[in-house]
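Trainee: I would like to go through this entry and ask what stands behind each term. Please set the values against the cut-offs as you answer.

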Amino acid sequence: MKTTVARKVTSTATVLATAFGVAGVALAMAPASQAHGTSSGWGETFLLKNSLQGGGADATHVFGGTQEVTLLGDWDGDGVETPGIKNGREYQLWNNWAGGAPAYAFTFGPATPGTAVVGDWDGDGDDTIGVRPAGTTTFHLTNDLAAGPADVSFTYGPSYVDVLSGDWDGDGDDTIGVRPSGTNTFHLRNSLTAGFADRVVAFGRATDEAVAGDWNADGTDTIALHRAQYIYVQNTHSGGTDLTLAFGTPWDALLAGDWDGDGDDTFGVLRVTEGSCGC
Ligand SMILES: [Ca+2]
Ligand SMILES: [Ca+2]
Ligand SMILES: [Ca+2]
Ligand SMILES: [Ca+2]
C-alpha cells in the first residue's frame, strides 16, 4: 500500500505530559479535519511495525524536514516501501530511509496545491504518483517517476473528500477510493475512470484517520482506521473489524506499508514534535 501523510504537530509540552512509552503504528492520510499543512518543528520520526501487533516499533527513522507532504511507496518495485517528499509540484523519492540524493526528482502536475496519491496504477509492480488539485474532483496520475504529462486523468467523487488508493478488487492494479467529508462511507472505484463506486463500505466514524493496505497478504487492499491510540483493521470490505491493536499515541499520524518486503502491509506512525526554538 502507498501512503500520503498529513502531519499532526504536537507540542513538546504535550508529548512530555502524555508520554507513556509506547511506539506507534500508520493513508496514509489524515482526515482533512486533522490535517496540518506545515510544520516548523523538528523531529519528524517514523515508527514502523512489521507485524500486526502492539508493542514497540521494529524500525525508527528520522526523515524529512519542514516539507508539507510525505509520500510512501515502492518506487523501484522491490517490494519494500520507502519515503518521498512532495513540495508543491516538486517530488523527491528515495529507495531507502538513509537520505542522501533522491533516487527520483521531478516536477509533476499543476502549480496549484493538491492532494497527492500513490499507487501502482498500471499494475507493473512499482508505485508512482498522482495529484488531485485542490477544489477539483479530477485525478491526474502518472506511471513514470519523471516529469511529463499525466498518463490518466478522470473525475471521481465530490470536492470534499479524504482520498485513499488501493487494489480493492485484487486484480493487481491500484485505484482510488474516497470518503466524503463528514461521512464514514468509503466509495471504492476499481477502474481509473469516472463513474459510480464499485463498492461502498461504511466503517468507523467520520473523524477516524483512514489508511488502506493488504494486512493479510491475500492481494486485496482493505481499510484500517486510527482512533485515539487504537487501530481498527478489516480484511474484507464488510465494514466489520477483524482486528484491533494499540500502537502509538492519539497524536500520531497513521501510516501503512510493507516496510520489510515480506508481502503484507503493516502499520507505522509519523510523530511530529514541535519544539520551542525561540525564533
Ligand atoms: Ca522499494
Ligand atoms: Ca506502476
Ligand atoms: Ca485493482
Ligand atoms: Ca488483504
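Mentor: Begin with the end of one strand: Asn87 has Glu90 in S7 as its bridge partner. This is a predicted model.

Trainee: What makes S6 and S7 a pair of strands?

Mentor: Two strands pair if DSSP finds at least two bridges between them. Strand S6 (residues 82–87) and S7 are joined by four bridges, so they meet that requirement. They run antiparallel. The two form a hairpin with two residues between them. In the turn, Gly88 has a positive phi of about 65°.

Trainee: How do you know that the side chains of S7 alternate?

Mentor: In residues 90–93, Tyr91 and Leu93 point to one face and are buried.

Trainee: Why are S9 and S12 called edge strands?

Mentor: They belong to an open sheet of four strands in the order S9-S10-S11-S12, with antiparallel pairing. Strand S9 (114–119) and strand S12 (152–155) each have a single partner strand, so one side of each is left without a neighbour in the sheet. Direction ignored, neighbouring strands of this sheet are turned by 20° against each other on average.

Trainee: What joins S9 to S10?

Mentor: Six bridges join S9 to strand S10 (residues 128–133), and the two run antiparallel. Gly114 stands opposite Pro133 in S10, and Val118 stands opposite Ile129.

Trainee: Is S9 covered or exposed?

Mentor: S9 is mostly covered, with six of its six residues buried.

Trainee: Why is Gly172 called exposed?

Mentor: Gly172 has 12, so it counts as exposed. It is found in the loop between strand S13 (161–166) and strand S14 (175–180). Leaving out residues up to four places away in sequence, Gly172 touches Gly123 and Asp167. Gly172 and Trp121 are 51 residues apart in sequence, and their C-alpha atoms are 8.9 Å apart in space.

Trainee: What makes Ala217 and Ala228 worth a look?

Mentor: Ala217 has a positive phi of about 55° although it is not a glycine, and Ala228 likewise has a positive phi of about 55° without being a glycine. Ala217 sits in the loop between strand S17 (209–213) and strand S18 (222–227). Ala228 lies in the loop between S18 and strand S19 (230–233).

Trainee: How do you know that Ala228 is exposed?

Mentor: It has 11 C-beta neighbours inside 10 Å, and exposed requires 12 or fewer, so the term applies. Ala217, with 12 other C-beta atoms within 10 Å, is exposed too.

Trainee: Which residues have the most contacts inside the largest nonpolar core?

Mentor: Ile223, Ala224 and Leu255, in a core of 52 residues. Beyond four places in sequence, Ala224 touches residues including Val211, Trp215, Ile231 and Val233.

Trainee: How many of the residues score at least 70 in pLDDT?

Mentor: 81% of the residues do, and the average over the protein chain is 84. Over residues 7–42 pLDDT stays under 50, although the model has 115 contacts beyond four places in sequence for that stretch.

Conventions
Residues numbered from 1 in each chain as written. Chains lettered and ligands numbered in written order. Predicted model: local features only at pLDDT ≥ 70, side-chain atom pairs only at ≥ 80, totals over all residues. pLDDT = per-residue confidence, 0-100. Contact = placed C-beta atoms within 7 Å. Buried ≥ 20, exposed ≤ 12 C-beta atoms within 10 Å, placed from the backbone. Axes fitted to C-alpha atoms, helices over the stretch in contact; angles between N-to-C directions. Core = buried A, V, L, I, M, F, W, Y, C linked by C-beta atoms within 7 Å.
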